[in-house]
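The following note is intended for a colleague who is meeting this structure for the first time.

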Amino acid sequence: MAQGGIGSSVKRKEDARFLTGRGTYVDDIVRPGQTHAVFVRSPHAHARIKAVRIAEAMKAPGVVAILTGADLAADKVGILPAGWLIHSKDGTPMVEPGHAALVADKVRHVGDQVAVVIAETKDQAREAAALVEVDYQPLPAAVTVTQAVAPGAPLVHDQAKANTCYDWHLGDKAATDTAFAKAHKVVSLDLINNRLIPNAIEPRAAIGEYDKVTGDLTLYTTSQNPHLIRLLLAAFTLGVPEHKLRVVAPDVGGGFGSKIFHYAEDFVALWAARKIGRPVKWTATRSEAFMSDAHGRDHVTHCELALDKEGKFLGLRERTLANMGAYLSQFAPSVPTYLHSTLLAGCYTTPVIYAEVKAVFTNTVPVDAYRGAGRPEATYLIERLVDIAAREMNIDRVEIRRKNFIPKDKFPYQTPVALQYDSGDYEATLASALQKADWAGFEKRRAEAKARGKLRGIGMSTYVEACGIAPSAVVGALGGRVGLWESAHVRVHPTGSITIFTGAHSHGQSHETTFAQLAAEKLGVSTDQVEVVHGDTAKSAFAMGTYGSRSLAVGGTAIVQAIDKIIAKGKKIAAHLLEASEGDIDFKDGKFTVKGTDRAKAFGEVVLAAYIPHKYPANLEPGLEESAVYDPKNFTFPAGCHICEVEIDPETGTTQVVAFTAVDDVGTVINPMVVEGQVHGGVTQGIGQALLEGALYDDQGQLLSGSFLGYNMPRASDLPGYQVGTETTACTHNPLGVKGVGEVGAIGSPPAVINAVCDAIGVRHIEMPATPERVWRAIRDANKG
Amino acid sequence: MPSISLRVNGKSLRADVEARTLLVELLRDRLALTGTHVGCDTSQCGACTVHVDGRSVKSCTMLAMEADGREVTTIEGLAVDGKLSPMQAAFAEHHGLQCGFCTPGMVMSATDLVKRNPGATERQIREWLEGNLCRCTGYHNIVKAVQAAAQAGRK
């Protein structure tokens, strides 16, 4: 193994700057002559705008400009598009209302942008924004999905009848109904997958800048995918060609999906900068983030599992209302459909599945991808049904899973819901997790806790997810409006150091380290000799960015392909230098060797020859840099087993997670330290969803959980230390055998936690978040019964 | 506009500040010490934690004027002669940071804890860090880093 190569826990190259306060986040950037933007946002969930009066505000000190929806409409720009088209059961396309970056006619959620005030200082902009008078005619609001589809509900968009965006389905309905009709047992469950607010700790920010002479526009933004933002600005919102547009996403403080999207504020900062001829900077307050960052999840679901008398799964049905919020955010339509129902087989051989998903507009913040995006919702409903089936049929929870697992010799495995899993060994992750968590010894711990007056429970989930998104042709056939390949450019410098340009973006994922490890492994160099450049459309080639646990599986593969081209060219040069034929050259451990001899040239000698081509093959270009693009052949399918142990105080309903074990199969592991860190973070967001977090709206559509005081973020004191491990089956369709690790923690953990809570208090189901009040009531109701 | 004198990372300076200016605004906007971050507006997240006279303070909860005559240390002032402090080094060693945004506040807060309570238990560390939010790490490796730094300090 090369020093610092694949499989070694190399310390992070990123850390030195972050630990000394030398990172560069968007809000840290100051551009010459910059102004400050503050948005005027709707206080109403639903209201007609009768007038926007700016005269008083314009007189306030320091005000440079105030722009409204009327200005936007006059310029015919700023309509944020959806990136995925879903068709309903009847073949009609989804209802696709545009989302104006500044609204002129009607506000549709608390926080909707009505105007922007630009002033010399942030304080002046804030003070002037308070002087903008908007006359609203409040309208009744449709807040929850169940309310929004009810007859007579207020319409969020006039063109969306019954507030329905689409009414979609997947699977074989007739075959599934037949399986249910023949079943020995049917388990039914109504559940809610609670709405979450991503809350990356860095609030979103943007700086727009315009060069009057060249016409060049630059946007600094907190994005996971600067190229995608540039594409959307060029093709849809601003209509400026790419060569005049540069998008820079420097250090970004966490994303979790919420920084994928092209937001109104990005567009406005750039558009306003062009209008006033000075840089325009905006940084969200946390309160603004709560009401303007895309939220996640928010499904209301009825689901059923059919079983034979041995506990074999015969079929599964799902009926879900998925909340889109007030507008379609870019990937929102795909989340409850192709990123969700396609996962309903889980780890199991369930032969027939049928899903119906209705996407619904409401007067709430738009909902889109948040860590896991659709797959946590699928895993949650499956794993809740499985636990309830085990309980009601008196079958051991582990055994019912084993009985239904796809056996490891059945891969590739075609599920009834479109996906073909390439590899996996679900028994291996299960067995490892059971052992690490001491599942067998649990009853003793339960008894010991009982003696202390505590209710202890244990729960598990076994999950599979689909990531490494995704083959462009498949995505296109399913309604995706983009390709989902990834690019890489590898430049070997004359003295042998290396720069890797990637389209993936690191906002916590450690790419600067792990991508350097790929070069170390392949080329036999030290990671110190490798720099990874990302986050700037002026530096790297077009690519799609980081989400869906795709950076390594797709972007890393592109890097490896570019490195393979470097090696291939190096062999040609080495053959010439060594006076051997190209086919006789081996490359290993940083050396080009003539097969079967000790004649060799070091990597550095070959590199130097490429740049100083005095003795050089004819018909070969000097220099040593290569590009590659990788369009994956399939999704990747990480899987695993999570086990949670809780203790509940029956007097207060307070739940403490006392142990959590995660054993995941994420394919080949490049850096175990980084992989473990990703699992820790994902599991914490899953525990947060299960026990603490939930966006709350009142019936007027006011966001009650609008700050860290009202939205319960997981804190160090809420959590235990974790036990994590990996069991590896290689992905079969990429050269590294990697699957992706970014989302597994958030996908596998919520059902493990809720299954543990249900086990502790002996109830069939409890909704997330299982707050002390909910748990206390559940205990009380169970005792009544 | 009131004028204040203070020491920041060992350097004495004077500044004219508005009465409403927060310490964090002075540090970031006036002194360009952008290592101190702002992650919320309710003093919950702790990304802005600095030391004032050696004690950790959320710099969004303190007016710049209140720092008059006091000694402020930010994350930029923690490493001495380019050498990471034991807490900074422990965060790197134990992968106690991912995106890096909460990190300065987390390191400043943890540094104060270990100074006050060198023998802090895991539980005490977790309770102490309640006022610092991290969305990336799940705190697991942060706690490990703080334990390691505390242990190194005891040696």
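1. Helix H20 (residues 772-784) of chain A has 13 residues, and its first and last C-alpha atoms are 18 Å apart, close to the 18 Å expected at 1.5 Å a residue. Helices (H or I, at least four residues) and strands (E, at least two) are DSSP runs numbered from the N terminus, and the expected span of a helix is 1.5 Å times one less than its number of residues. This is a predicted model, in which local features need pLDDT of at least 70 and side-chain atom pairs count only at pLDDT 80 or more, while totals for chains, interfaces and linings use all residues. Residues are numbered from 1 along each chain as its sequence is written, and chains are lettered from A and ligands numbered from 1 in the order in which they are written.

2. Which residues of H20(A) are buried? They are Val775(A), Ala778(A) and Ile779(A). They cover an arc of only 100 degrees around the axis, which puts them on the same side of H20(A); the arc is that of the directions from the helix axis to the C-beta atoms. A residue is buried if 20 or more other C-beta atoms lie within 10 Å of its own, exposed if 12 or fewer, and partly exposed in between, with C-beta atoms placed from the backbone.

3. The face of H20(A) turned away from the buried side carries exposed Glu773(A), Arg780(A), Asp781(A) and Lys784(A). The buried residues pack against strand S28 (639-649), strand S29 (654-665) and helix H19 (744-761) of chain A. Two residues are in contact if their C-beta atoms, placed from the backbone, lie within 7 Å.

4. Val757(A) touches Val775(A) and, among others, Val646(A) and Thr655(A), not counting residues up to four places away in sequence. Val757(A) is also one of the residues with the most contacts inside the largest nonpolar core, which has 304 residues. Such a core is a set of buried Ala, Val, Leu, Ile, Met, Phe, Trp, Tyr and Cys residues joined through C-beta atoms within 7 Å.

5. Ala269(A) is another of the residues with the most contacts in that core, and it is among the buried residues of H8(A). Because 11 of the 13 residues of H8(A) are buried, this helix is largely enclosed by the rest of the structure. Just after H8(A), Gly277(A) takes a positive phi of about 70 degrees.
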